[in-house]
Amino acid sequence: ERGAPKKAKKKEAASSNVFSMFEQSQIQEFKEAFTIMDQNRDGFIDKNDLRDTFAALGRLNVGNDELDEMLKEAPGPINFTIFLSMFGEKLKGTDPEENILNAFKIFDPEGTGIIKGEEIKYHLMSQADKFTEAEVNQMFTNFPLDVAGNLDYKNLCYVITHGEDKEQE
């Protein structure tokens, strides 16, 4: 009796690790995509489902070999878990925090982790989607500059991707 809960835990961890790679909302989106692709609704994506999906997207002449190549990427019949792990592998390298950090690094070629407040303000107000002074000031209210007038963008990126829990209340 005592050993039972332990066993259950281990089994759960093994099957759910792919699900822990994604936010609940992302899993929901993948589930919707899977359901759309699973044309015959049997819980698996097979060659016919793939062909029908391509046809629905306007590609009518997908070759058998091309479909076989795609199916070969899967370790077995493509159910939702396999579908998710295949996408997971492709998306694993695209960490949102990394992407945002890289965007900031353009302004910080030395990699100091900070950008002069005036500089970021200038860029935000002069580039493509021009920010208003009020919007920039609002950002500085939420992410105050340090005593030297610099923005700690590593902290900003962390908060953007992980959410802020310190100063909610």
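Analyst: The answer below takes the aromatic contacts, then a pocket, then a loop residue.

The model is predicted, so local features are given only at pLDDT of at least 70 and side-chain atom pairs only at pLDDT 80 or more, while totals for chains, interfaces and linings use all residues. Residue numbers start from 1 along each chain as its sequence is written, and side-chain values rest on heavy atoms, without hydrogens and water.

Across the whole structure, a search finds 5 aromatic pairs (rings of Phe, Tyr and Trp, the last by its six-membered ring, with centres within 6.5 Å; planes under 30 degrees apart are stacked, over 60 edge-to-face, and the rest tilted). One of them joins Phe34 and Phe80: the ring centres are 5.6 Å apart and the planes stand at 70°, so this pair is edge-to-face. Because Phe34 belongs to helix H2 and Phe80 to helix H5 (residues 80-91), the contact ties together parts 46 residues apart in sequence. Helices here are DSSP runs of H or I with at least four residues, strands are runs of E with at least two, and both are numbered from the N terminus. Both Phe34 and Phe80 are buried (under 20% relative accessible area; exposed is over 50% and partly exposed lies in between, with a 1.4 Å probe and protein chains only).

The criterion is NZ of Lys or CZ of Arg within 6 Å of the ring centre and within 35 degrees of the ring normal. Likewise, the charged end of Arg59 sits over the ring of Phe54, at 5.2 Å from its centre.

Helix H5 also contributes to a pocket. H5 gives the most to the lining of the second largest pocket, with 4 residues, and H3 and H5 each supply at least two. Of the 11 lining residues, those closest to the pocket centre are Met37, Leu50, Met70, Met86 and Phe87. The lining divides into 9 nonpolar, no polar and 2 charged residues, where Ala, Val, Leu, Ile, Met, Phe, Trp, Tyr, Cys and Pro count as nonpolar, Asp, Glu, Lys and Arg as charged, and the others, Gly among them, as polar.

Finally, Arg41 lies in the loop between helix H2 (24-37) and helix H3 (47-56). Arg41 has a positive phi of about 55° although it is not a glycine, and this residue is exposed, with a relative accessible area of 55%.

Notes: 1 Å grid on protein atoms, 1.4 Å probe; cavity = no way out; pocket = protein on both sides within 12 Å on 5 of 7 lines; lining within 4 Å.
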